[in-house]
Amino acid sequence: AVVSTQSTGGDYILEVYLAKNGAAAGLLFSDDGVTDHTITQDMYLTVNFNASRSRVTSEVKLLYPGYDNLNILREIVVSGLESAPSTVQIDDSGEDWPNRSYENGILRVTDLELRMQKAFCVSYES
């Protein structure tokens with residue numbers, strides 16, 4: 001297992017495995033890796049991830065004043081899609097994200113620079 005002190009400066013790849021109903025959810029917990037009792041002292045970051053056949057979103061709760069999680073989400077892999085998306089959009093930018101591939105039901109969105117402390121939405125449509 002990777003502890004917080006080892007993961008606070010690294011990059012993430014988010015792997016999503018859609019259930020038969022087309023949904024998935026997950027949670028990331030992060031603290032500074034040094035301070036004791038961060039949960040009882042409300043000194044942590046949580047990120048809730050939700051996914052569907054058309055999007056992956058995050059909801060961020062940062063309770064640690066001054067805590068700067070430097071982690072960057074570099075790639076999102078979504079397994080269980082029924083067809084290749086014709087467009088991929090990051091945070092309603094209005095622009096089609098070019099750095100993606102699709103093969104055998106798996107969408108791979110690469111070259112991202114999404115900060116874990118900021119909520120995001122990656123949408124994809126067939």
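An open sheet of five strands runs in the order β2-β3-β4-β10-β6, with antiparallel pairing. The model is predicted. Its edge strands are β2 and β6, each of which pairs on one side only. From one strand to the next, the twist averages 15°. The points below take the sheet, the core, an aromatic pair, the salt bridges and one serine in turn.

**The sheet and its pairings**

- Strands of a sheet pair through backbone hydrogen bonds, either parallel or antiparallel.
- β2 and β3 pair in the antiparallel sense, over seven bridges.
- F29 has T46, in β3, as its bridge partner.
- β3 also pairs with β4 in the antiparallel sense, over seven bridges.
- A51 has its bridge partner in β4, and that partner is V56.
- β3 and β4 form a hairpin, with three residues between them.
- β4 covers residues 55-62 and pairs with β10 in the antiparallel sense over three bridges.
- T57 stands opposite C121, a residue of β10.
- How enclosed is β3? Five of its seven residues are buried, so the rest of the structure largely encloses this strand.

**The nonpolar core**

- The largest nonpolar core has 25 residues.
- Which members touch the most other members? They are V56, I76, V78 and F120.
- Several strands give two or more residues to this core, including β1 (11-17), β2 (24-30), β3 (45-51) and β5 (72-79).
- β6 (87-90), β8 (106-109) and β10 (121-125) also give two or more residues each.
- β3 gives the most to this core, with four residues.
- F120 touches L14, F49, V56, T57, S58, L73, I76, D91 and L114, leaving aside residues up to four places away in sequence.
- Two names on that contact list, V56 and I76, are also among the core members that touch the most others.

**One aromatic pair**

- How many aromatic pairs does a search of the whole structure find? The search finds one.
- The partners are F49 and F120, and their pair is tilted.
- The ring centres are 6.3 Å apart, with 45° between the planes.
- F49 sits in strand β3, while F120 sits in the loop between β9 (114-115) and β10.

**Salt bridges**

- A search of the whole structure finds four salt bridges. Among them are the pairs D11 with R74, R53 with E82, and D96 with R100.
- The side chains of D11 and R74 meet at 3.1 Å, N to O.
- D11 lies in strand β1 and R74 in strand β5, so this pair ties together parts that are 63 residues apart in sequence.
- D11 counts as partly exposed, at 46% relative accessibility. R74 is partly exposed as well, with a relative accessible area of 31%.
- The side chains of R53 and E82 meet at 3.7 Å, N to O.
- Where do these partners sit? R53 is in the loop between β3 and β4, and E82 is in the loop between β5 and β6. They are 29 residues apart, and the pair links distant parts of the chain.
- R53 is partly exposed, at a relative accessible area of 37%. E82 is exposed, at 66%, because exposed means over 50%.
- The side chains of D96 and R100 meet at 2.9 Å, N to O.
- D96 counts as partly exposed, at 42% relative accessibility. R100 counts as partly exposed, at 25%.

**A buried serine**

- S79 belongs to strand β5.
- Is S79 buried or exposed? S79 has 14% relative accessibility and counts as buried, because buried means under 20%.
- S79 touches V16, Y17, L18, G105 and I106, again leaving aside residues up to four places away in sequence.
- S79 and L107 are 28 residues apart along the chain, and their C-alpha atoms are separated by 6.5 Å.

How values were computed. Residues numbered from 1 in each chain as written. Predicted model: local features only at pLDDT ≥ 70, side-chain atom pairs only at ≥ 80, totals over all residues. Heavy atoms only, no water. Core = buried A, V, L, I, M, F, W, Y, C linked by side-chain atoms within 4.5 Å. Buried < 20%, exposed > 50% of the residue type's maximum accessible area, 1.4 Å probe, protein only. Contact = heavy atoms within 4.5 Å. Pairing = 2+ DSSP bridges. Axes fitted to C-alpha atoms, helices over the stretch in contact; angles between N-to-C directions. Phe/Tyr/Trp six-rings, centres within 6.5 Å; stacked < 30°, edge-to-face > 60°.
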